[in-house]
Amino acid sequence: MINHIGRRQFMQIAGLTAVTAGLSSNIAHAAADRLRLIFWGGQARADKTGQASAIFADKTGIAVQNEFLSWNDYWTKLATQIAGGNAPDVVQMDYRYITEYASRNAIAPLDEFVGQQLNLDDFDEDQIQGGSVDGKLYGISLGANSMACVYNTVILEKAGIELPQGGFTYDQLYEYADLFKQAGLPKGISVITDSSGNEQVLESWLRQRKKALYTADGKLAFDADDATEWFIMWSKLRDAGVCVSAEDTALGTGPMESSMLVTGKAAIQTDNSNLLVAYQALMQDPLALAPFPLIAADATGGQYRKPSMFFSIATSSRAKAEAAKFLSFFVNDLEAAKVLGTERGIPCSEAVREALAPTLTPLERASLEYVSSLGDILGPIPPSPPTAAGEINQSVLANISQQVAFGMQKPDDAGPDLVQQANELLSRS
């Protein structure tokens, strides 16, 4: 249900990577005329990536073998492949994990390719910074996005709710739940997903309180009182029937098809803005975007323009130059850009954005306009998360939030527990 990408696993990965490096001459690697690519996502992303890869093959003669998995399955598979020394040449990487993979030598620095196979002349500087760890470039941002509430417009309209463009508050969620009941919506539909274990929603909530998940030097930037208040707030929302039950939430941690939005358990799903297109491909009811909930109507700075995901090159790849060429193609080629659209976020090249604008579908344009119109809700991008951030998110926060949701732990105990376990992992990383 929840996959763990922990420090112990990465220590194993690091050790095995060192071993395989010494045996490189005996290990089969990708040939220079063929690349392997692995990414997480749904069928819509796979189709677009396959079309772009075919264009790359036509132009360069380098074939690309694509493999995709759901988010949860992806990290386990990637860790296993890296441990076995057979990781694909190009791997999709998340902002949360890039520091960890770079520090474990699982992905390679890209600086030697910049200006050669990798053209970043027209690239947004904040997205280059987002892909850098300790001054070296480890990931090429495939698009900018921001956190968002993806909502079912039909259900909200039936309840008489029009989400304000500037965002709604946590207190308003109680009002929405009352309207759901008055509208006689089918039983079992909640207003919003239970996001108590969602790191991004927690981060937005903390930033609105002028705090953060982590400091620039990798320490925890919130305390036990903050965490306790967080779990208490979601317990109240759960008790009031505002958010999805613990039982249903536990079933929705796999593919997008099992998400609470697609299965009709929630009208509002907290996720990333670039996923609007993918969610819509799985649903008939029209969807739209709104910012994450606000702690108050005048709250600011909770959101930021985040690299939606990166492409990185595995350290074990024997075709790094060809892989860098593919990365450059993927973010700069105008023909590929028209195929890819904004499914992975808003393109980071100004030239690509200008070429793409007239071709966008209404949904893609909605994603672009959403990221461009956040106003005072938008704050600066935080530093790259520390090495242990992935394990804190997937193991500690997710598990404690589930324990609270199922009544196995009290919110008053969960807050200190979260901070203690997170600090222990940070101190050992």
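Five strands form an open sheet with mixed pairing, in the order β2-β1-β3-β13-β6. Strands here are DSSP runs of E with at least two residues, helices are runs of H or I with at least four residues, and both are numbered from the N terminus. Two strands count as paired if DSSP finds at least two bridges between them. The model is predicted, so local features need pLDDT of at least 70 and side-chain atom pairs count only at pLDDT 80 or more, while totals for chains, interfaces and linings use all residues. Residues are numbered from 1 along each chain as its sequence is written, and side-chain values use heavy atoms, with hydrogens and water left out.

The edges of this sheet are β2 (63–69) and β6 (140–141), each of which pairs on one side only. Strand β1 (residues 34–40) runs parallel to β2, with 7 bridges between them; phenylalanine 39 stands opposite phenylalanine 68 in β2. Helix α3 (residues 71–83) lies across β1, β2 and β3 (90–93), at about 140 degrees to β1. Helix α12 also packs on the sheet, touching β1, β2, β3, β6 and β13 (310–313), and its direction makes about 165 degrees with that of β13. Contact means heavy atoms within 4.5 Å. Axes are lines fitted to C-alpha atoms, for helices over the stretch in contact, and angles run from 0 to 180 degrees between N-to-C directions.

A further open sheet has 4 strands in the order β9-β10-β8-β11, again with mixed pairing. Its edges are β9 (190–192) and β11, each with a single partner strand, so one side of each has no neighbour in the sheet. From one strand to the next the twist averages 25 degrees. Strand β8 (residues 147–152) pairs with β11 in the antiparallel sense over 4 bridges, and cysteine 149 stands opposite alanine 290 in β11. Helix α15 lies across β8 and β11, running at about 5 degrees to β11.

Of its 18 lining residues, Gln165, Leu289, Ala290, Tyr370 and Ser373 are closest to the centre, and β11 (287–290) and α15 (362–372) are the elements that give two or more residues. The lining divides into 14 nonpolar, 3 polar and 1 charged, where Ala, Val, Leu, Ile, Met, Phe, Trp, Tyr, Cys and Pro count as nonpolar, Asp, Glu, Lys and Arg as charged, and the others, Gly among them, as polar. At least three lining residues come from each of domain 1 (32–145 + 308–377) and domain 2 (147–304 + 382–427), with bounds from an automatic or database domain assignment.

On a 1 Å grid over the protein atoms alone, a pocket is an open set of points with protein on both sides within 12 Å along at least five of seven lines, a cavity is a set where a 1.4 Å probe fits but cannot get out, and lining residues have an atom within 4 Å of a point. Grid points are joined across faces, edges and corners, and a volume is the space filled by probe spheres set on the points.

The whole structure holds 4 cavities of 30 Å³ or more. The largest, of about 180 Å³, lies between domain 1 and domain 2, because both give residues to its lining. Helix α8 (residues 199–208) supplies the largest share of that lining, 3 residues. The second largest cavity, of about 150 Å³, is lined by 15 residues, with Leu142, Phe330, Val331, Leu340 and Pro347 nearest its centre.
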